[in-house]
Amino acid sequence: MKSKIYLLLIVLLGFSACQKNVQPSTAALDQRVDSLLRLMTLEEKIGQLNLPSAGAFTTGEAESSDIARKIEEGKVGGLFNIKGVAAIREMQQIAVEKSRLKIPLIFGMDVIHGYESVFPIPLGLSCSFDRELIEHTARIAAGEASADGINWTFSPMVDLSRDPRWGRISEGSGEDTYLGSEIAKAMVRGYQGNDLAANNTILSCVKHYALYGASEAGRDYNTVDMSRHRMYNEYLPPYKAAVEAGVGSIMASFNEIDGIPATANKWLLTEVLRNQWGFDGFVVSDYTGVSEMIAHGIGDIQTVSAKAVDAGLDMDMVSEGFLTTLAKSVQERKLTEQQIDAACRRVLKAKFMLGLFEDPYRYCNADRAKAEVFTAANRAEARKAATQSFVLLKNENNILPMKKAGTIALIGPLADAKENMTGTWSVAARFKESISVREGLEKAVGNSAKVLYAKGSNLTEDEILEANSTLFGKSLNRDKRPAAEIRNEALRVAQNADVIIAAVGEAAEMSGEAASRSDITIPETQRELLQALLKTGKPVVVVLFTGRPLALAWEQENVPAILNVWFGGSEAGDAIADVLFGDVNPSGKLSTTFPQNVGQVPIYHAHKNTGRPLRGPWFQKFQSNYLDVSNEPLYPFGFGLSYTTFTYGEIQLSKTEMTASDSITVSVEVTNTGNRDGAEVIQLYIRDVVGSVTRPVKELKDFTKVMFKAGGKKTISFTVNVEDLSFYNSDLKWVAEPGEFVVMVGTNSRDVKEASFELK
Ligand code: BGC
C-alpha cells in the first residue's frame, strides 16, 4: 500500500531524478504542491509544520530516538542542530523510506558567519563596508554547509541595534538602516545564489522579524515598544530588503510588538510581510517562540498555537504546540483546515525549490563534504575577510605597523585562546583548529623576531561571570593564582620586550544570545593589567576582542594604539598578524557608534535634531545635553583609521536642482596623502532640511570602498536620485518632499564635506 502511494505521488508530481537544477515555473510548482497536499491527512499536514531540534546526535543513536519515531509517523517537517552527512542521511532515510508519504525533511542550522571555515562575527564583517566580500562569505558558507548535509540557514540576522548592552548586537550589522539593508541583500544572494536547487546553495532565513534589536535596556528577550514611524523608516527596511532579494524564509522574533508577540502578530506576519511586501516564502518561529507566548501571558498552548497560525506563522520551532494542538483547534473550528493547508503549502514549496523531492540526498555527499569543507582555499578567504573587518581606533605616532624584528611581548587573556577566536554563534566551528594570536604572530615573524607570551590576567576576577562568558567549550582556562601574581609574571616578560601587544577585551560568549551586559567596559582586572603594562614605558598596542561597542574612554586616553579585531573567525590569529605587521593596511569602519560611557546609550549618527540641539560648546543649560558627559561619541559611526591618510576635496554637484525624475551626481576628489597603499570607505550622507515630519540630522545613503596607491588620487562619484530622498511620512506613505537637502561626503559620519541642492 505504502509503495503504491509513493508511486502515485511520483506520477502526480511529475518529478524526475535526472531533472537536476531545474526550477519549475511557479504554476507548475503550485500544482505539484497541491497534488501532494491532496494526499495528506490533517495530521500529516501539521507534521510538516513541526521543527524539532535534533540535539547533537551522533550517527547510530538517531534511529532509536523519539525523533526518529516521529519522523516515521510523518510528524516532522525538518530538523536542526544536527551535523554531518552521515547523521543527516540517516534521518532523511527514515523520512523518505519509512514515513507514509515519504516527504523529505529540510535540515537547518545556524550558519551565521561561516560553517567550519569561520568568518568574522557579523558585526565585524559589516565593518568591511564591502557588499561583494560579504556576499562571497555567505556563498562560501553555503558551499560548505550544503556539502555537509545542510540546506537551510537561520541567517542573515538583520536586527538593527543601537544598544551595545544587547549581546546579540554581535550577530547583526550594527546601527544603520541603509548599511543593514545592503548587507541583508548581499547575504541572501550569497546563500541562495540564483538556483536554490543547486547542491551548493541553501535556503536563507532572515531573522528575527521584527525589531528584536530594540529590546528595552538592551536586556535580551525584553519588551520592545516603538512607533510605526520609526519602524517603517529605520528598523523594518533591512527585513524588507531581504524579502526583495528573494529570501525564502523568515523567522519571527521573541519580542512583542504593539503588545502582541511577533510570533502571533497578524499585522506583522500577514499585513506587512505578505500584503505590503509580497513575501511568499514560509515563516518559522524562533526556538520555543510559540510556547513562550504562554509566559508572555496571551493564552495556553492551544490558544497561542492557534493564534500563531492565524497570524501567519507556518512552522513551529521546538515548542510542538502545533503538533499537539492544531488538529484539536481545527476540530473545534478555531482554525480552518485551509489555514493549515496554506502553511503546509509554503513549507512544501520550499522543499520542492530546494530540489529535495527530486533527490532527498542532494546535500548528502560524503565525498563533497571531505573535499569542500574547511579547505585551505576557504580558510584563506576567511583570513582575508578578517583583515577587512578590523578597525584601527587609535595609532599614536604610527606605532603600527610593527616591524618583524626584536622582541615582542604578547600578553593578555585572549592572546592564546584558540577556542575564542571564532566568536559567538559558530556552531560548526572546529575551535581547536582556529589560529590564536600567539600562533599567528609566531608564524608571521618566523626567525626574524622573538615572541614572548604571558597571560597577564584572567578575563575577570569574577569567577561566575567568567564561567558564564566562556560556555560551549570556549574556556579561557582560568588561572587560579592571585591576580597580582599572574600580572607580575607578565611584567617580567614585558621587561625583556621592545613592544607589548595586549590581547584583551571580551570572551567570545560575552556577546551573542542571552549575553547582555550592563557594564560595557573592559573588565577591571584587564584594565589593571593595561595600567601596569603602560607603566613599563614600553609601547603598548591593544588588540581588542569584543562582540559589541565598548566604552573605551580610558583606553583611548591612555593606550597609544588600539586595533579592534572583534572576533575574526577561524583564521583570526593570522589575520591579526597580517594587519599588525602591515602586510594588510586596515580599512574597516565602525558600523556602530562607540559611546563614551554606557549612559549615552542609545547613541547613533542618524539621530533627530530635537528642538533644543546643542549649538556650540558643551555644557549649555536648557539645551539637549548631559551635565557629566558631552553628546559626542567616543568613535563615530563610519570611523576607522588606516596606516595611510586620506584627504577629501570639496563636493562637486552636477547641478543644484533636481526633480523626482532625474538625479544629481555628487563627486569628490579623494587623495591618499600617505606613503602606503590603502583602501578607503567613502561615505555619502544626506539630510532633508525641512520635512512634514522631523528628519534625522544625517542618513547614510551610499558608500564605496576604493583602493588608492600611495600618493594616488581619484574622483569618486555617487548618483543621488529621488529614492535616496524618500521616507515614510506620518501616513506611512513613501514620499520625497520638495525642498533643500544637504549632501555630505566623508571618511566617517562626523568628518564630512557638505553641499546642498534642491528637490523641485
Ligand atoms: C535564536 C535564533 C536561532 C535559533 C535556532 C534561537 O535561540 O534566537 O537566532 O536561529 O535559536 O538555533
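In this predicted model, strand β11 is joined to strand β16 (residues 561-564) by 4 bridges, and the two strands run antiparallel. Within this pairing, Lys 394 stands opposite Ile 562 of β16. Strands of a sheet pair through backbone hydrogen bonds, in either a parallel or an antiparallel manner.

The β11-β16 pair belongs to an open sheet of 6 strands, whose order is β11-β16-β15-β14-β12-β13. The pairing across the sheet is mixed. Its edges are formed by β11 (391-395) and β13 (449-454), each of which pairs on one side only. From one strand to the next, the twist averages 20 degrees. Helix α23 (residues 572-580) packs on this sheet and touches β14 (499-505), β15 (540-545) and β16. The direction of α23 makes about 145 degrees with that of β15.

For His 208, a side-chain N or O atom is 2.6 Å from an oxygen atom of the ligand. For Asp 286, the distance between a ligand oxygen and a side-chain N or O atom is 2.6 Å. The side chain of Glu 513 has an N or O atom 2.8 Å from an oxygen of the ligand. Taken alone, the ligand exposes 310 Å², and the protein buries 94% of that area.

Technical notes:
Residues are numbered from 1 along each chain as its sequence is written. This is a predicted model: local features need pLDDT of at least 70, side-chain atom pairs count only at pLDDT 80 or more; totals for chains, interfaces and linings use all residues. Side-chain values use heavy atoms; hydrogens and water are left out. Two strands pair if DSSP finds at least two bridges between them. Axes are lines fitted to C-alpha atoms, for helices over the stretch in contact, and angles run from 0 to 180 degrees between N-to-C directions. Contact means heavy atoms within 4.5 Å. A polar contact is a pair of N or O atoms within 3.5 Å; within protein, one must be able to donate a hydrogen and the other to accept it, and residues adjacent in sequence count only if both atoms are side-chain atoms. Accessible areas come from the Shrake-Rupley method with a 1.4 Å probe; for residues, only the protein chains shown count as cover.
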